[in-house]
Amino acid sequence: MLLEVRDLHVEFRTRDGVAKAVNGVSYGVDAGETLAVLGESGSGKSVTAQAVMGILDTPPGRIAGGEILFQGQDLLKLKEEERRKVRGAGMAMIFQDALSSLNPVLSVGDQLGEMFVVHRGMSRKDARARAVELMDRVRIPGAKERVKQYPHQFSGGMRQRIMIAMALALEPALIIADEPTTALDVTVQAQVMDLLGELRREYDMGLILITHDLGVVADVADRIAVMYAGRIVEQAPVRDIYKAPAHPYTRGLLDSIPRLDQKGQELYAIRGLPPNLMDIPPGCAFNPRCPMARDVCRTDVPPLAEVAQDRASACHFWRECLHG
Amino acid sequence: MGRYVVRRLLQMIPVFVGATLLIFLMVNVMGDPIAGLCGDKQCDPATAAQLKREFGLDKPVWQQYLTYMGNVFTGDFGTAFNGQKVTELMGAAFPVTIRLTIVAILFEIVIGITLGVVTGLRRGRPVDTSVLLLTLVVISVPTFVTGLLLQLLLGVEWGWIKPSVSPDAGFGELIVPGLVLASVSLAYVTRLTRTSIAENRRSDYVRTAIAKGLPRRRVIVRHLLRNSLIPVVTFIGTDIGALMGGAIVTERIFNIHGVGYQLYQGILRQNTQTVVGFVTVLVLVFLVANLLVDLLYAVLDPRIRYA
Amino acid sequence: MPEQPYEPDGAIAGTGAGGAMDLAASEAQTLERTPGGPRGTGPQGKPRSLWSDAWRDLRRNPVFIVSALFIVFLVVISLWPSLIASGNPLNCDLAKAQQGSQPGHPFGFDGQGCDVYTRTVYGARTSVSVGVLATLGVSVLGSVLGGLAGFFGGTGDSVLSRITDVFFAIPVVLGGLVLLSVVVTNTIWPVIGFMVLLGWPQISRIARGSVITAKQNDYVQAARALGASNSRLLLRHIAPNAIAPVIVVATIALGTYISLEATLSYLGVGLKPPAVSWGIDISAASAYIRNAPHMLLWPAGALAVTVLAFIMLGDAVRDALDPKLR
């Protein structure tokens, strides 16, 4: 395993109480594999990723327990300086909003070249040349001229390519992409996603793709982890999950995708709202919204149980779900 | 850029005219412009009438203003109460006040920004709370009280400085007066820097910089500071004009013979030409400083383009 | 003006006491940017929830409670100074001049032999009246002019903006010296008049900015589309949202006006004895600062604490209205 997260707990201390954002998440990514992490906002998918990268805001955030093994090493036991060297070089992150995630007052060349200056000790001139190369690699036209420009002078798609170039700079073993296409126009989304997939294959990197868009997932991902209220509720290879979900929440998500063959029918929507993280319902966190909920769901937390080879579901009634 | 500068210069004209006219009216309507011309005594009516004619004071105010401004643009700022040319007074006074302002600005930059960065990075910690409280106290105590207390403690009780500044007014003597002049702005720079740092610290691009594996120092200096200081730098720039105009109190406390002192004398003796002349120059300094700050803004923040 | 994310002009004209006014102006800018209430709570984003949320925060904020209580105390002793001071502030005995603390006269005597404690208590009335009345005048004039200019735009707006520029170019203390140098009076009205005359542009700029931002809110556009009249739009939809930054700035400005009154007295203009004010007393005491510092410290301390209370009150209100900065 390239990356293995074991029983991770993250909480945020706020004035109004403690928000439990991640409650015992475990997942793994192999080299060359793409794991899609799916969930609504507030499900803890981004927080888990930030904990892996080591960029949680602490305080108010706090890692309350668990292990993050990267290439066999527990990142949480590293000193901050060693941890820093892993960031960017060993694993890199692509953020959702490239406009706000790039520094507005530094040229893109400076921001790309900085990776080489800091991690590889290159001169500014060499770093600049590598920046141009990178921009070519992510297919930004006129890289040589545009390297001096500032983020606001690029279009949304081009900016996201720069983010990707920055993540690829040191050819890390793992890339975490947090909703990389959400902020883009639909037509540009596919281009950026294709580019990302292509580069991932070329470098044989592991990829964690955080998204709430099931459409994106089907094409790119090998496996899917569905998160709800800070827990993984279902984990499975991508094909299996589309065929037959083993958790009512996953089913709800799949049913709420508009489909051409159901034109004219009312679109399904999961009722209710995601839980308040300061006050997660007892038992299965999904029970107040679940169409299959029974008494046991309101008292016992369902364990993440293996339901088939390489598949797991955290539902007391996964059998009914899977076969019903 | 060139067109923007021209447009800004054109925009400055009405403000310049308005501000000088306003002060001209205030001085003329409120005061007696020939008072003081006959020494410390009142002029006798005949002399007064003659003087008024001589200075064109029997004409309507707007005509007087035009004549005055016409003279100003040929470099003639008129005569002060003691018969000296106002330009001579300016030649003596401005270098002193400029030195005082430089000292004050240095305090703002060095102490204000340092404290702001330190507290901004440690929001809610004891350092932050105590510095924040200190800035509030500095803002709450009027400058003249701060000045008097510092003069009493450092000058009289402990004898570290001379309580009043010599006519040369070298940089060394202006350190404490400069600190007094800077005090309120200093507190403000601290607060502004703190807010700016604290706001940007949570920004996405700082998170990116951390995710890139940059050392903490580099994240702070190159990414956080560079962005956070933009509003601070512009504040300090615009403060130049304000400090020079606000030096009256400080100069009075430490007996510094600068712009504020001359203005104060001019006002006490109701000498129109001194007051209007000095204020005209101050307004110009203020406007030019603001223009420079706007241009500096474009250099600091590439997102801004002037059209 | 260039397009800039931060508008530095709010923090320009500043001299001595004036500097703090700018502080208010700029700190309120964060509010200006989020006029609909950062939390935007309530079904229609109505301001009521903004205010009730803010009130809930304020009630739990010790800084707010302490400064508010102090201000209430101050107002009470301004109205009825004899509640805590039995003497007469003008009843002085030259034989006791400059004497220190003694039984019945805890703060000692000033240069004229007046009781410093009594004078400090009675001085509150002058300072508070100047502060409150000047703030009221400035706020009303500034909000009306700035609000209308921001709402209607056009030529009137441009003219008003240029006029405020003119006022910002004149240092406050300097203006006060010129205007008040010829007025000899022992009433507070000339001082208040001067503050209103030179202070309104500050509020006007804030009000204009926040009305312009509030005007762009979706629900205002919606109300306009539904045919609401201009006056209804302004009073019912825009004013409640745009008023928050004005209140914050005005509260902080109130403190600085009190400070400015003292500064002007120190420079020898404005109020003159036999008026009783902290400014006059501090100014008189500055001549004796070496021999009898107590004469300076008591009124100066009272002044500083008062200004501090208003600044902290404004600060607390701003924090409550703008939780983003927490």
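Q: Over how many bridges do strand 1 and strand 4 of chain A pair?
A: This is a predicted model, where local features need pLDDT of at least 70, side-chain atom pairs need 80 or more, and totals for chains, interfaces and linings use all residues. Residues are numbered from 1 along each chain as its sequence is written, with chains lettered from A and ligands numbered from 1 in the order written. Val10(A) stands opposite Ile63(A) in strand 4. Strand 1 and strand 4 (residues 61-70) of chain A run antiparallel, and the number of bridges that pair them (DSSP must find at least two) is eight.

Q: Which residue in strand 2 of chain A stands opposite Glu11(A)?
A: Strand 1 (residues 3-14) and strand 2 (residues 17-29) of chain A pair in the antiparallel sense over 10 bridges. They form a hairpin with two residues between them. Strands here are DSSP E runs of at least two residues, and helices are H or I runs of at least four, numbered from the N terminus. Opposite Glu11(A) stands Lys20(A).

Q: Which strands of chain A stand at the edges, each with a single partner strand?
A: Eight strands of chain A form an open sheet with mixed pairing, in the order 6-7-8-3-9-10-12-11. One side of each edge strand has no neighbour in the sheet, because each has a single partner strand. From one strand to the next, the twist averages 25°. The edge strands are strand 6 (91-94) and strand 11 (305-308).

Q: Which residue in strand 7 of chain A is the bridge partner of Ile94(A)?
A: Strand 6 and strand 7 (residues 174-178) of chain A run parallel. Four bridges join them. Ile94(A) has as its bridge partner Ala177(A).

Q: What angle does the direction of helix 11 of chain A make with that of strand 9?
A: Helix 1 (residues 45-53) of chain A packs on the sheet at about 145° to strand 7, touching strands 3, 6, 7, 8 and 9. Axes are lines fitted to C-alpha atoms, for helices over the stretch in contact, and angles between N-to-C directions run from 0 to 180 degrees. Helix 11 (residues 248-255) of chain A also packs on the sheet, touching strands 3, 9 and 10. Its direction makes with that of strand 9 an angle of about 105°.

Q: How far apart are the axes of helix 7 and helix 8 of chain A?
A: Helix 7 (residues 156-168) and helix 8 (residues 186-203) of chain A pack at about 15°. They are therefore roughly parallel, a label for angles under 35 degrees, with over 145 roughly antiparallel, 65 to 115 roughly perpendicular and the rest oblique. Among the residues that meet are Ile164(A) of helix 7 and Leu195(A) of helix 8. The axes lie apart by 10 Å.

Q: Which helix of chain A gives the most to the side that touches chain B?
A: 23 residues of chain A are in contact (C-beta atoms, placed from the backbone, within 7 Å) with 19 residues of chain B. Helix 2 (80-86), helix 3 (98-101) and helix 4 (108-120) of chain A each give two or more residues to that side. The most, four residues, come from helix 4.

Q: Within what distance do the axes of helix 8 and helix 10 of chain C come?
A: Helix 8 (residues 189-215) and helix 10 (residues 230-266) of chain C cross at roughly 155°. That makes them roughly antiparallel. Val191(C) of helix 8 and Leu264(C) of helix 10 are among the residues that make the contact. The axes come within 9 Å.

Terms used:
Contact = placed C-beta atoms within 7 Å.
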